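Visitor: I am new to this structure. Please show me how to read a few of its features.

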Amino acid sequence: MRGVVVGMVALLASGCAPADTATPSTLTPLSGPRLARRLSIDLRGVLPTTSELDEVEAHPEDINALREQWLADPRFEERITQMYQERWRTAIDSFHATVQDYGLSHDEDYSFNRSVGEEPLRLVAHVVATDRSYADIVTADWTMANPMLASLWPLDYPAGATGWQVSRYTDQRPAVGVLATNGLWWRYNSPLFNENRQRAAAIFDLLVCRDVLSRPVILSTGLSISDSSTTDAIQNEPTCLACHSSIEPVAATLFGFTPFDDQSNFELQTYHPERENMGSTILNVTPAWMGHPVSGLEELGAAIADDPRFVDCAVQTATEGLLRRQTDDSDVELLRQAREPFVNNGLHLKDVIRLVTQAPAYTVGSFATGASQATIDRETTSRMLVASQLRSIDTDLAGLDWNYQGWDQLDNDTHGFRVLGGSVDGVTLTAPQRTPGLTWTMTFQRAGEESAGLIVDRDLADGATADLLVGATSATTPADAAFTTAVSAAWWRLLAERPSTSDVSGLASLWQSVVDAGGTPRDAWTAVVAVLLRDPDFVSY
Amino acid sequence: MPVITRRDLMRLLPASMLAGLGLSRLARADVGANDRKFLFVFAQGGWDPTWVYAPEFDNQYVDMPTDDSQKVSQNGLTWVSSTTRPSVDAFMSTYASRTAIVNGLEVRSIAHERCRRLLFTGGTDAEANDFPTRLAMGAPSHLPLGNVVLSGPSYSDSTASGVVRVGESGQLGTLIDGSCATGGTQTLRVPSSTLGAPEDAYLLARAQKAAGAASAGAQSRISQAYLTALQDEPAVTSMASLLTVNGQDPLDQMLAAVTLLSNGASRCATVADLGLNRVTWDSHSQVSIQSTHFELLFANLVTLMQTLESTPGTVGATLADEITVVVWSEMGRYPQLNASLGKDHWTTTSMMLVGGGIRGGQVIGGYDSNMGGVPVIPETGASDPDGTSGGVVLQPVHLGATLLTLAGLDPVEAFGTDVAPILGLLAQ
C-alpha cells in the first residue's frame with residue numbers, strides 16, 4: 001500500500017483526483033480539550049496540564065499556539081523517536097552482538113539494546129526537532145550517541161556530556177546520516193551470503209516507502225538448480241530482475257559495513273572503507289540509485305535525498321504516525337497538501353505535522369450524518385493508547401518507573417509488556433495495536449494501579465501542590481466538598497472532560513465501597529485514581 | 001523400499017505409549033466445524049524438507065542427507081527415514097492415519113520476516129490478519145483467550161483484540177496473578193481481590209456506558225473491545241499457571257496449549273520450535289543439525305499426540321479428533337549445499353497436518369525436478385503435474401482457506417477473493 005500511495009501523490013499533482021475522499025463535512029471534530037489531549041499525546045507524549053485544558057476550553061483557537069509550544073517542547077524529540085520506531089522498527093530486544101560479547105553485565109542488557117536500536121531513530125528525531133532539513137537524515141556527517149554507545153564504538157561523544165548527543169564516528173565512514181549508523185545495520189543485518197541485499201531492501205522500504213520484499217519471489221521458476229548461478233539468474237532472469245535490478249546496485253554501496261567475521265565486535269562495529277569497492281565486484285553491478293549511477297555510499301545518500309519519492313515517503317510516514325492508520329487513496333489530497341510546505345520551506349517535517357494535525361482526518365471525533373461506510377471504517381475517531389505512550393504519560397503523571405533488572409517493563413518484550421501493551425516489537429508486531437485485547441487491558445491495569453498509588457502518596461501529602469487530587473487530604477471523605485473538588489480536578493486533567501454530578505457520585509460510591517470492604521482511606525483514594533487511569537476515556541484519545 | 005514393521009515400531013516406542021494405541025481409535029465421533037480447534041507448531045528459521053518430508057533421492061541436483069537416510073512408505077505416507085531420527089519414524093508409523101504431508105508449498109519469499117507473514121496470513125500486507133486469529137475470532141461463541149500465542153509470531157490488525165500473547169518468558173501469567181510486581185527496583189502495588197472488586201465493578205459499568213454511547217467506527221470498535229476484555233479478565237485469572245509456562249520448552253508450551261484448547265478458553269494456539277538449544281532452524285552452515293532439530297520436534301509431537309489421543313474430547317472420542325495440529329516452517333532450504341555445508345533459503349517448503357478433520361495417510365503435492373511445487377487439484381488433492389486439470393501450486397493462502405473451511409468459515413469472506421481450499425486434505 002505504501003508504494004501505491006507515494007505514486008498517487010505524484011498522480012494527483014498532475015491533475016487526477018482520487019476516489020472516495022472523505023469529505024470534511026462528514027467528519028465532526030473533537031471538542032477543544034479532547035483535541036488538545038490528542039495533540040499533546042502525539043507531540044509530547046504526555047497529557048495537557050490543567051491550565052492548558054482551561055485555556056483551550058475558554059479559547060479553542062488557542063490550540064494553534066499550544067501546537068507551536070508543543071512542537072518546541074523537548075519531549076517532542078522523544079515522540080518522534082517513538083513514532084519512527086513504529087515504522088522503522090529498529091528498537092528490538094536483541095542484536096547479533098550482545099552485552100556478553102562486550103563484557104557488560106546482564107543488568108545493562110536493556111540499556112545496550114535500546115541504545116543500539118534507537119541510534120537511527122534519535123538521528124531522525126534530532127533532525128526533525130531542531131528544524132534541520134529532512135535530507136540530513138541521509139546526508140549528515142553526524143549521528144546521535146549516548147554514553148553507552150560512546151563507550152563501545154568509535155565515536156567522538158562530547159566529553160563530560162550525558163544523554164543523547166550529536167556525535168561523529170571516527171572510522172572514516174561517509175556522511176550519510178542514518179545510512180552510516182551501526183544501529184540501522186545491526187537491525188537490518190545482512191548475512192555474508194546475502195551480500196547486503198537485505199539492507200538495500202530496508203533502504204527502499206524505510207526511505208522511499210517501496211517494499212520490494214512484498215513482491216512475490218518464486219525461485220524455482222527463475223533459478224535452475226541444475227545450472228545454478230545465483231548471480232547469473234539475478235542479472236538475467238526476468239522474474240529476478242524485477243527486484244534485483246534495483247536492489248543490487250544499492251547493495252553494492254554498502255560493503256563498507258560487511259564484517260569478515262561476524263563474531264568479532266571490532267568487525268561488526270567498525271566501518272571498513274577499504275571494502276567499499278568489493279560490492280561492485282561481488283555483485284557485478286555498477287553502484288546506482290534507481291538507475292542513476294553513484295560513486296559509492298556518500299553519493300547514494302545524496303541521490304536518495306534528491307528523489308521525490310524520499311519526500312513523499314517522509315510525508316506519508318509522518319501522516320500515518322499521526323492518523324494512527326495506514327494511508328490509502330482517499331488520503332492523497334491530504335498528503336499532497338502536507339507535501340507542499342514541506343518541499344517549499346526547506347524540508348522541515350514540522351510543517352507536515354502542523355498541517356496534518358489541523359486536518360479533519362486528524363481532528364475527527366465522530367461522524368456527521370451522511371458519512372459513508374468506507375469513511376466510518378477508515379477514519380480514526382478514537383485512538384488507543386499503547387505501551388510506549390502509557391509509559392511516558394504515567395511517568396509524567398506519577399513518576400512511574402516500572403523496572404525489572406534494568407529492563408523498562410513498558411519498553412521490552414523479553415521480560416516486559418511492550419507488545420502485550422500494544423506497541424510494536426519491531427519483529428512480529430509491526431504496527432501499533434488498534435483495538436484493546438486482554439493483555440493490553442491487564443498491562444494498563446497494573447500500570448494504572450501502581451501509578452495511582454504514587455499519585456495518592458504525593459497528592460495527599462500536600463494538597464496545595466497536588467497535580468491531580470487538588471485540595472484533598474488523607475482525611476477528606478466523599479461527604480466533604482473537597483472530595484468533589486479533588487475528583488473533578490483529576491477527571492478534568494486525566495480525561496479532558498468535565499465530570500457530571502453522576503460521575504462524581506460514582507467515584508464517591510467507589511471510594512465508600514473500598515472503605516466498606518476494609519480498605520483505608522488511602523486505599524479508597526488509590527482506587528479512585530486507578531479507575532480514572534483505566535477509564536475508557538483515558539485509555540483512548 | 002523399506003517398510004517399518006510393527007516389530008520396528010515396538011522397538012521404537014515406549015510401552016506406555018503403545019498401551020494407548022488403538023484404543024483411542026475405536027471411535028472417532030463426528031466433530032462439527034464449530035468444535036474444531038487448532039494448534040500451530042512453527043519451526044522457526046526455515047527447515048530443510050529433505051530430512052523428513054521430501055525423499056528426493058532420485059533428483060541428482062538435490063543434496064540429500066548423507067547419513068543412512070532412505071525413502072520409506074507406509075500407510076499412505078512417504079518420508080525420509082534414518083536411525084538418527086527414530087522419533088520421526090515413530091510418529092509417521094503411529095499416526096499415519098491422522099497425518100497428511102503437504103509438499104511443494106510455495107511461500108513466495110526468501111526473507112524470514114516476510115516469509116513468516118506470508119505463511120501465517122497468506123500475504124504481505126501489514127494490515128492482514130493471520131489464520132490462527134481469524135479462526136479464533138470466527139468461533140461460534142466468544143472465547144476469553146481467542147488465539148493464544150505461547151511463542152512465535154502473530155500478525156493481526158482488525159483482529160488484534162483476539163490475540164493473547166503470553167510473552168517470551170511467560171510474563172502474561174505474572175500480569176494476571178500480580179507477580180509482575182516483584183523483582184524490580186520498585187514493587188508494584190496490586191490491590192487484594194477484595195479491594196480490587198469495587199474497582200472492577202466500577203470500570204465495567206463505565207466501559208458498558210462508553211460502549212453504549214460510542215459513535216460508529218473506531219470509537220465503537222475500541223469501546224466494545226475494551227468492554228469485552230474487561231469481561232474476560234475474571235475468566236482467565238484461574239489460568240495464570242498455564243500462561244506462565246516455561247518460555248523455552250516447546251513441549252511444555254504444546255501441552256499447555258492443549259489444556260487451554262480443551263478447557264474451552266481458546267480455539268487456537270501457536271507454539272514456536274527453535275530446534276536444538278534454541279539456535280533456530282536457519283542453517284546456512286552445517287545443515288546436518290536439522291537432523292537433530294527434526295528428531296527433537298518429532299519426539300515432542302509424539303508426546304503431543306499421545307496426550308491428544310489419551311484425553312477424552314468434548315464431542316469427539318479424544319482430543320485428537322477435535323484438535324488439528326498444523327506443523328510448518330516459514331521457508332525451505334536451497335536444494336544444494338553451500339561452501340559451509342549449509343543450505344540457503346528456498347521459497348518452496350513442506351508442512352504437515354495432523355489430527356481432527358484431516359484426511360490422513362496421504363502426501364499431497366510434491367516437488368518437480370527444479371524443487372518447485374507440483375500443482376495440485378484442490379478438490380481432490382491429486383497432483384496435476386502439467387497443470388492441465390485445474391491444478392494450482394499450493395501457497396499458504398490455500399492452507400488458510402482449507403483451515404477456515406474446516407472451521408466452518410468462509411474463505412472468500414476472509415480473503416476477499418476466491419481462494420480454493422484444498423478439500424482433498426479434509427476428512428469430510
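Guide: What follows covers a helix pair and then some loop residues. The model is predicted.

Visitor: How do α21(A) and α22(A) lie relative to each other, roughly parallel or roughly antiparallel?

Guide: Angles under 35 degrees count as roughly parallel. Helix α21 (residues 387-398) of chain A packs against helix α22 (residues 438-461) of chain A at about 15 degrees, and their axes are 9 Å apart. The two helices α21(A) and α22(A) are therefore roughly parallel. Their crossing is right-handed.

Visitor: Which residues of α21(A) meet α22(A)?

Guide: On α21(A) they are A:Leu390, A:Asp394, A:Leu397 and A:Ala398. Their partners in α22(A) include A:Phe444, A:Ser451 and A:Arg458. The residues of this contact divide into seven nonpolar, three polar and two charged.

Visitor: Where are A:Arg324 and A:Gln405 found?

Guide: A:Arg324 is in the loop between α16 (308-323) and α17 (332-344) of chain A. A:Gln405 is in the loop between β7 (403-404) and β8 (407-408) of chain A.

Visitor: Is A:Arg324 buried or exposed?

Guide: Buried means under 20% relative accessible area. A:Arg324 has 11%, so A:Arg324 counts as buried. A:Gln405, with 33%, is partly exposed.

Visitor: What is the relative accessible area of A:Thr465?

Guide: A:Thr465 has 61% and is exposed. A:Thr465 lies in the loop between α22 and α23 (481-495) of chain A.

Technical notes: Residues are numbered from 1 along each chain as its sequence is written. Chains are lettered from A and ligands numbered from 1 in the order in which they are written. This is a predicted model: local features need pLDDT of at least 70, side-chain atom pairs count only at pLDDT 80 or more; totals for chains, interfaces and linings use all residues. Side-chain values use heavy atoms; hydrogens and water are left out. Axes are lines fitted to C-alpha atoms, for helices over the stretch in contact, and angles run from 0 to 180 degrees between N-to-C directions. Helices (H or I, at least four residues) and strands (E, at least two) are DSSP runs, numbered from the N terminus. Angles under 35 degrees count as roughly parallel, over 145 as roughly antiparallel, 65 to 115 as roughly perpendicular and the rest as oblique. A crossing is left-handed if the near helix is turned anticlockwise from the far one by less than a right angle, and right-handed if clockwise. Contact means heavy atoms within 4.5 Å. Ala, Val, Leu, Ile, Met, Phe, Trp, Tyr, Cys and Pro count as nonpolar, Asp, Glu, Lys and Arg as charged, and the others, Gly among them, as polar. Buried means under 20% relative accessible area, exposed over 50%, partly exposed in between (1.4 Å probe, protein chains only).
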